[in-house]
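Hello,

Here is the structure I promised to hand over. Please have a look, then read my notes below.

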Amino acid sequence: STSTTTMEAASIPTLFTSLSIPTNHTTVGLSNLLSSNSQIKSLFHHKRLPDVGWSDIQIQRLLLELSCLDTNCEESVRCQIGNNNAGNN
């Protein structure tokens, strides 16, 4: 649920601190993560490509996120985007 996700997201800085990761590193990293998530949300909300193109990393992250949604993928096998019925899972 959304409230669970928000609660988990709010605990991330505390988890990083417990791992002795410097705050300045976690702040930048979390900012980038939130920005990336908002770009993906915008893509699906507006149902159109953004006016400004995405970097290769942003595209790869989107593809990774989509591949994780693949319900035909076994956990022991790396998920791939494409036709899973082709026998190349």
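Leu-63 lies in helix α3 (helices are DSSP runs of H or I, at least four residues, numbered from the N terminus). Leu-63 is partly exposed, at 41% relative accessibility (buried is under 20% relative accessible area, exposed over 50%, partly exposed in between; 1.4 Å probe, protein chains only). Together with Phe-44, Ile-59, Leu-66 and Leu-69, Leu-63 forms a nonpolar surface patch of about 460 Å² accessible area. Patch members have over 30% relative accessible area and no salt bridge, with nonpolar side chains (Val, Leu, Ile, Met, Phe, Trp, Tyr) joined within 5 Å. Areas are Shrake-Rupley, with a 1.4 Å probe and only the protein chains shown as cover for residues. Helix α3 gives the most to this patch: three residues.

This is a predicted model: local features need pLDDT of at least 70, side-chain atom pairs need 80 or more, and totals for chains, interfaces and linings use all residues. Residues are numbered from 1 along each chain as its sequence is written, and side-chain values use heavy atoms, without hydrogens or water.

Confidence next. Mean pLDDT (the predictor's confidence in each residue, from 0 to 100) is 75, and 70% of the residues score at least 70.

Asp-51 pairs with Arg-48 at 3.0 Å, N to O. Asp-51 is exposed, at 69%. Glu-65 pairs with Arg-61 at 3.6 Å. Those two sit four residues apart in α3 (residues 56-68), so about one helical turn separates Glu-65 and Arg-61.

Best wishes

Key:
A salt bridge is a side-chain nitrogen of Lys or Arg within 4 Å of a carboxyl oxygen of Asp or Glu. Patches are made of residues with over 30% relative accessible area and no salt bridge: like charges are joined within 9 Å, nonpolar side chains (Val, Leu, Ile, Met, Phe, Trp, Tyr) within 5 Å.
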